[in-house]
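Morning, everyone. Please bring up the model on your screens. I'll take you through the core, an interface, a helix and a loop.

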Amino acid sequence: MVMAAGIGTDIFRAFLQGAPPGGVYALIALGFVLTYKTSGVFNLAFGAQAYVSAAMYFKCRTVWGWPILPSFIVSVLILAPALGLLLERLIFRYLRTASAVAKLVVTIGLSVAIPNLFDIILNFKAIAGRTPEGIVSNGANVFYDPFGVYQFSRNELVTMGIAVVATLGLLALFRFSAIGLQMRAVVESPRMTELNGVAADRVSAFAWGLSSLFAGLAGVLIAPRFNTLAAADFFYLVVVAIAAAAIGRLVSLPWALVGGLGLGVLTALINTFLPRWSDSQTWLKPLQDNLAPAVPFVVLFITLVFVPSLRRAKEQGDPLSDVDPPARTLGAVVRDRRATVITSLIGFGVLAVIALVVFTRADQRWLFLITQAAVLGTIFLSITLITGLAGQISLCQGAFAAIGAFTVFQMVSRWGTSVIVAALAGAVIAAVVGAVLSLPIRKLGGVWTAIATLAFAYFFDAVIVKLPFAGGGQASLITGTNVPRPVIGPFDFKDDRAFLVLCVIVFAVIGVLVVQLRAGTFGRMWVASRGSEVGAESIGISPAKLRLVAFALSAFVAALGGALMAMLQKNVNYGTNFSPFVALFWVVLVVTLSSRTVQGAAMAAASFSLFDAILLKGAIFAWLFRGADRIPGFLPISPKWVFVLFGLGAVQYARHPEGILEYSKRRQAARALERRERKLAKEPAVIEAPAPTPTEEPVP
Amino acid sequence: MSSVLKVTEAKKKFAGIVALEDVSIDIGQGERVGLIGPNGAGKTTFFNCMLGVLRMDGGTVELEGRDVTRLPVYERARLGIGRTFQRIELFPESSVRDHLLVAERVRRRTGRLWKDLLGLGRPTAEELQRADEVLELLGLSHLGDQPIERLSLGQCRLVEVGRALMTEPKVLLLDEPSSGLDRAETAALALTLKEVQAEQGFSILLVDHDVELVADFTTRSYVLDFGRMILEGPTRDVLASPEVRAAYLGNLEPTP
Amino acid sequence: MSTTTRPSFRLRHLLALLAIVAMVGVGCSNSDSSSTQSGSSGTSASSGSSGEKAASGAPGVTDSEIKYAAIGTNSNNPLGTCVLDCYAQGIKSYFDWRNSEGGVDGRKLVLSQTIDDELSKNQEKALQVISSNDAFGVFNATQVPSGWADLASAGIPTYVWGIHMPEASGKPQIFGHNAPVCGTCPSRASALVVKQAGAKKIGALGYGVSQNSKDCANSVKTSLDKYSDATGGAEVVYTNDSLAFGLTNGIGPEVTAMKDAGVEMVLACIDLNGMKTLAQELQRQGMDDVVLYHPNTYNQDFVAAAGDLFQGDYVGVQFRPFEADAGDSSLAQYKEWMGKNGYPLTELAMVGWINADEAYTGVKAAGSNLTRQGVIDATNQLTDYTAGGLIPSTDWTRQHTIQTQDDPATHGAKQACTSMVKVQDGKFEMVGDPSKPWYCWPGQTFDWSEPVPTNFE
């Protein structure tokens, strides 16, 4: 009996210990569900909004020394809703008819841009060890022990209390108030709501203001848990919170609360009992090592795979959805043969000039940057494959690339395998991983596929990376994750120029293969499936098989690129090269420029690698004006601007999913077509119905 | 007459509500059969069960004697069940010819990843020829290179038919093909379909609200109401029957 | 509608034009000797057509100056600590001191470039410095040392914040503020600090995601097992080497387990933010008396801002603590010259100072052979280097390679030493004799003996 009482107390204590972090997860999950219910947007930038308020509060309270109330008013009651209203007014109002996936990509871009923009504007820098304060005085130092088992600080009680109150309050809002009903109605059918005399735009603005206010509140409540304030931590929390929100199918507030608390409690339970058990049952040790940090991502993945109503969420069924012109789909492009040839020749010409200059004149640093661009180009081609061709958003390309890099490291350091062979082996392993990953998620819609890949990316980051057969183990400890340059026959690629040639060749070959693929069976099947999955099924195309092939190929290419990256840097450098956050930014870059074409991948890679050095650091000015001292004084611009510019660029994705480059190409092609048809129309012999000119949406 | 598509005692429930109860149909070689019924009768559900979009709670679906009840949608499509959609499900980024070509490639099962990578995946001359034949058949030859967004609804329907035809279906299921078309367009569509069917010899199941179309196009019809098959027989007789009128219009006697 | 045709046409062609200009610029930039990175004061006139070789022929050396570059982490630092800025302050102060004495052979030491590696661009910036070829030596204080291998293979004397063992090990060109040490070897310092605290039941913690941290935690156990006699039977009663980085879910269950095991002292191989979380949780669960040993928290501001959380804790210091007596060491000059510039006394500034001393000492020892290799070779002949009494005696002829558990002698220091301070009322206090701030053991064995308070000069 004493034993049982002991275990009982332990379980109870674990519950209590899991409650404060659980309250944090619940708060974000609630905010997430709130945003989804009231705006229909899967807001991955929720964490960024929370961070902004938290950082503002820190600045007011800790740096400037203001009292609690004014700090709270400014950061939560003023800044947070203002940010939300701005987002709604400038961006989301025009995205109502965009697909859920497109809106997701926009929020990814915002999650990268917003924190960096804030840091730039307020010149905000985290201070180590200056723990952010909470919203109650002395919140971190006063403790209460309601059950005599575990103490809670004031901050924690306030957080948990607000989570519960907010759940009840929001439930009441949705159930009993007019505005609550209106917000939900606007999400389902804006036109219908307007027919009922409700201004959909105003309701939508209110909705964004409300959910952003909640984000700000959450941020300020959560911040005291971090001893140093950093935006990346908030994004991490969002991923965890999605697991909680998913348990409630994204629409249930009480389930979000329960899910969040549950995650915290589950982790605490695991951390309490698993170490005990693994002392006596050593086979549990690997589980303890690896499961505890990955609990949220495993829960998320399992939820996605096994909760049936998340699969293939049916279209909302807005009865008046046909009233608005449909979201502009891309028509088939009819390109003028001659124009294509001319532009291709110009393109190759430019490349040839660049190549000549680079090979004769570039120094080590520029060689490094340009090779990096070539390698990234290969990695980005994997995004072209999975997103541009197969139409899926994959946020785990970093993990696939890392598989390639780690395989090279392991095979070379353990068995002395040839570097190239190891790279190919890594690519094959990644392809298998990608294929296996695609199976359980094959029935998920676009957004949830993206989230599943995000869960995998974080799982990989938390668990796989440190395993001895990946990035851990004694070898990495003693000499680091070193990777040598390859040797192929007489060619030793220690020479940077030779290696650049190799990387460019790989990029070119993969690029050609991608183009071939696009025109071949699979490319056309992907186009079909992207256009209409049911239509594709009706002619015998298996969507699951298409996905599997897409993931496998994409992973293969990413791993190859990852291996090359490791060779370039002579080290895997997982943290700076392949972390989930970096991979997120890759996707933002590629889809903004163009995920459909090889050229888009190349431009994105060049931007990532060279934009900062050439433009932000002012190298271009140094070249143009022949002197380092001629660089204008306002440079170097903070490198954060890269994230801001491209993050905001992703906002364009919803209106132009083909990317900026492709969009401009199509405009040109359409204009050429127009010109030709006008010419033909002048000839009396040919009777054609006047071709409708492609309509342009008015720029907001 | 041998059976091409046979559904035996299909059952489907949605959370306790019975959508289909022991519904059976049998379509023979070269027949044109109609399926009618008021809104909410379960036509769409039944349609989706035949195609494999929904899994039935009971009953079987047989295609030319082969049990396809457990097969997924795309497998049934490969075996010979083709369909068109009430709301057009074409591929917005493809031209008219592209639709036919990809269907043809899938039918031939000659598509291979390695072939694609080597540049051998492009449409072959044979495929192009066959596609052009079908376009000709449907009167769409002049629209072959057009992107879908420039086509009228009637033309889009024809493209869907063409796409389905490329798979050499044994039975073609038409889901409200007259939806959105005016009388002239409907008549033109019906004519074209009759001609194509005469040439190719497949069976057709037509689900539609347009009574004239059903009367003109089909020889035999089934009537579905509240999840049950209430009548079956030659179309003229079925349409004139009092049960059908009651199902559509209710039981009230017309006021004198 | 057609009026909108113009801009996108121009945009693409503008981009193409820009690309061409850029690439032509790249080509032409290398025939021009002025560097393309953020220059600052001290760019002297070039006399040659490539690089700035002058009298001695070495890059970065002129008749009047020897130029150095410093690369370090400023932006994106996840720990929020002052790295590059404070590091550069230490270097500058040291240079000011030596320059006030006339420099070396009439040449002044100049820190001509301070480059932020933005956490992820260490390799790129290293290559930038290598390519521009106008720095004689490079200082490097970073969280991600991806550029060290390139600097070493370019033969550049590289002075580093020596916290990354694998990248520094075995490279004669890289001089850390401490010689690289063996993280998995038995540590008498752990036993000493346990003995100092008088604790018998110890907890060891490490992050699962870092092999380094894991091994550190496990080596605490092996060390205390090995030296249990010396500590009067202290043993590790709780080990957890799989903590989640960032401790997002808190550390409640782990602390409860330590409480149940009766832990009196915790040796944690985690970063300073994690230490604070740990201390907060210990306080919450009524374990205020538990003493912590911090390997990475010699940060005055951090400790001062933590109130009484760290009261009574021990902090390891990798050099002569500021709280020790200066004696004959350069600690006095450090304080003086940092004070002249108004710089706060920080850990990274001291690291910079020590690195700067390594650079100076090397140049001085090289004498007339003022080339990069000459300086490296000269530094590597030093067998008793102490940075002016600031670090334990280091033998650079042997200590570039890390000693191993099986062979402590070949690469072990003559004396293995540790220095620590204790936190009292938010301030650090020297542990032991302030005039002999190190506890030292024979460095070429792992056997226990009584540590000897030692002073280095």
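**Core first**

This is a predicted model. Start inside. The largest nonpolar core has 271 residues, and A:Phe380, A:Trp526, A:Phe578 and A:Trp586 touch the most other members. Which helix gives the most to this core? Helix H22 of chain A, residues 543-569, with 16 residues. Now zoom in on A:Trp586.

Next, chains A and B. Here 38 residues of chain A contact 36 residues of chain B. The area buried between them is about 3100 Å², and carbon and sulfur atoms give 61% of that. The rule finds three salt bridges across this interface. One pairs B:Glu93 with A:Arg530, closest N and O atoms 2.6 Å apart. Helices H19, H20, H21, H22 and H28 of chain A each supply at least two residues to the side touching chain B. H20(A) has the largest share, eight residues.

On to H28(A), residues 660-682. This helix has 23 residues and reaches 33 Å, close to the 33 Å expected. Its buried residues include A:Tyr663, A:Arg666, A:Arg667 and A:Arg671.

Last, a loop. A:Lys466 sits between helix H17 and helix H18 of chain A. Buried or exposed? A:Lys466 is buried, because its relative accessible area is 8%. Beyond its sequence neighbours within four places, A:Lys466 contacts A:Asp289, A:Asn290, A:Pro293, A:Gly472, C:Gly208, C:Val209 and C:Gln211.

Technical notes
Residues numbered from 1 in each chain as written. Chains lettered and ligands numbered in written order. Predicted model: local features only at pLDDT ≥ 70, side-chain atom pairs only at ≥ 80, totals over all residues. Heavy atoms only, no water. Helix = DSSP H or I, 4+ residues; strand = E, 2+ residues; numbered from the N terminus. Expected span 1.5 Å × (residues − 1). Buried < 20%, exposed > 50% of the residue type's maximum accessible area, 1.4 Å probe, protein only. Contact = heavy atoms within 4.5 Å. Core = buried A, V, L, I, M, F, W, Y, C linked by side-chain atoms within 4.5 Å. Buried area = accessible area lost by both parts, 1.4 Å probe. Salt bridge = Lys/Arg side-chain N within 4 Å of Asp/Glu carboxyl O.
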